[in-house]
Amino acid sequence: MQPYWELTFDADGDVDAAQRGRLLSGAETERVTDLLVFAHGWNNDQRTARSLYRRFFEPFDRLAGPGVRLGYTGILWPAIRFPDEPIPDFEPSAAPPGVPRDPGDPTLDEPTRRLLEVVFPGPANAARIDRLARLLQERSAVRSRLDEFARHVRDLVAVRESSPAHEFGDDLGAGEPAMLTDDAVEVCEVFLAMLDDLGGTGGQEILGGLRGRLWNGAKELLRQATYYAMKRRAGAIGQLGLGATLGLLARDVPDIRVHLVGHSFGARLVSYGLRGMPAGVRCVKSTTLLQGAFSHYAFSARLPHDRSRGGALSGVQRRVDGPLMCCYSRHDDALGKFYPLASKLAGDSAGFLNLWERWGALGFDGIRAVDGARRVRLGEALPARGCVSVDAAGVVRRGGPPDGAHSDICHEELARAVCAAGRIALAAR
């Protein structure tokens, strides 16, 4: 996995300029022909991201054929996953040990508090997080306490009115989610009804096992609002940060061939990176979305449920000088059950059985409603350009707690698919 560079972005999409400089100069001096750029999804810290990159990149050096000089870049961005959930970028054996907790416990544990303070920095946010923890601990029956909790959650994830980040939280043009605007009690009741509708232990494992107490619903509001903030953040970092960096790379190393890879919300980040590239930049030769945690309609020119609108990323596949490949798996319960629940914008509890059709994730069933898009199985020939959904269920399938199939992406078959999408010459077997 050499040469290897890192690109660290803050929540606003600003990149570490020194790291960017090392990448730009190093890619040229190392005579890199093909640069693999990977963006992680949910992580608690940089250690988990680096572990993922080492494991995913491991096969590439031996796969590359004569005349190919590979370079590797790992993107580091501030994302959070609550410690009482599976960590999708970790092997189960590598996950940090935790104290088993009652899945129905609505309190905010200390590791989660510390992570929230890192991802939402500043004294004002620290005070909000402290108050949220105390309200969850008290579990007051007074209605005003729940209203106060919802207000602090919404203030925690809010961005200033003038911030460009507003446009990056929504893939379908439907506006802010109801959880950030609707009545607090009704929102918490909706989350509980959704979880009841999911039923069974699968919903327990993925969503914390909430069983009907209103303060459990309140904790779920905090969790879901945090997910929404990270979704918005991934889009902002991709478009404002990665897109500009790709433009500089194309300028300074004009012959380099870039291959973007993103996992989970990192797939969203690299897709928005395509949207943020300067006009005329053609350095990206392939883009691979591994278990992408964003809408399966994001690339659609017209949404099936509203033909007057398209997805936020409609047409960006044309910015790739090669295929935009979406690897999906029906075994990914994190996307099949969790993602539609987190993405639903309606403020009522009706119709949860039909969540998937409108709010589904492309990492579960591929890209939908895009003219000319292809669907193939892993290992089959890929088109030269355009959107292609690759059924990777044959390898992305390891289920069960604590990790699940969502993180099961470190396979040589997937590395070969990335090479095939990017027309990277392979070594003779």
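Reader: How many residues does the largest nonpolar core have, and which of them have the most contacts inside it?

Author: The largest nonpolar core has 119 residues, and Phe60 and Phe299 are those with the most contacts inside it. Helix 9, residues 214-252, gives the largest share of this core, with 16 residues. Such a core is a set of buried Ala, Val, Leu, Ile, Met, Phe, Trp, Tyr and Cys residues joined through side-chain atoms within 4.5 Å, and helices are DSSP runs (H or I, at least four residues), numbered from the N terminus. This is a predicted model, in which local features need pLDDT of at least 70 and side-chain atom pairs count only at pLDDT 80 or more, while totals for chains, interfaces and linings use all residues. Residues are numbered from 1 along each chain as its sequence is written, and side-chain values use heavy atoms, with hydrogens and water left out.

Reader: Which residues does Phe60 touch, and which aromatic cluster is Phe60 part of?

Author: Leaving aside residues up to four places away in sequence, Phe60 touches Leu36, Leu70, Tyr72, Ala415, Val418 and Cys419, where a contact means heavy atoms within 4.5 Å. Phe60 also forms one aromatic cluster with Phe38, Tyr53, Phe56, Phe57 and Tyr72.

Reader: Why is the pair of Phe149 and Trp215 called edge-to-face?

Author: A search of the whole structure finds 10 aromatic pairs. In the pair of Phe149 and Trp215 the ring centres are 5.6 Å apart and the planes stand at 90 degrees, so this pair is edge-to-face. It links distant parts of the chain, with Phe149 in helix 6 and Trp215 in helix 9, 66 residues apart. By definition, rings of Phe, Tyr and Trp (its six-membered ring) pair if their centres lie within 6.5 Å, and planes under 30 degrees apart count as stacked, over 60 as edge-to-face and the rest as tilted.

Reader: How do you know whether Phe149 is buried or exposed?

Author: Buried means under 20% relative accessible area, exposed over 50%, and partly exposed in between (1.4 Å probe, protein chains only). Phe149 has 0% relative accessibility and therefore counts as buried, and Trp215, at 8%, counts as buried too.

Reader: What makes Arg131 and Glu148 a salt bridge?

Author: A salt bridge needs a side-chain nitrogen of Lys or Arg within 4 Å of a carboxyl oxygen of Asp or Glu, and the closest N and O atoms of Arg131 and Glu148 are 2.7 Å apart. Arg131 lies in helix 5 (residues 123-138) and Glu148 in helix 6 (residues 143-157), so the pair ties together parts that are 17 residues apart in sequence. Arg131, at 15% relative accessible area, is therefore buried, and so is Glu148, at 13%.

Reader: Why is Arg251 called exposed?

Author: Arg251 is called exposed because its relative accessible area is 58%, whereas its salt-bridge partner Asp252 is partly exposed, with 28%.

Reader: What makes the side chains of Asp365 and His296 a polar contact?

Author: A polar contact is a pair of N or O atoms within 3.5 Å; within protein, one must be able to donate a hydrogen and the other to accept it, and residues adjacent in sequence count only if both atoms are side-chain atoms. The side chain of Asp365 makes such a contact with that of His296 at 3.2 Å, and with that of Arg368 at 2.9 Å.

Terms used:
Helices (H or I, at least four residues) and strands (E, at least two) are DSSP runs, numbered from the N terminus.
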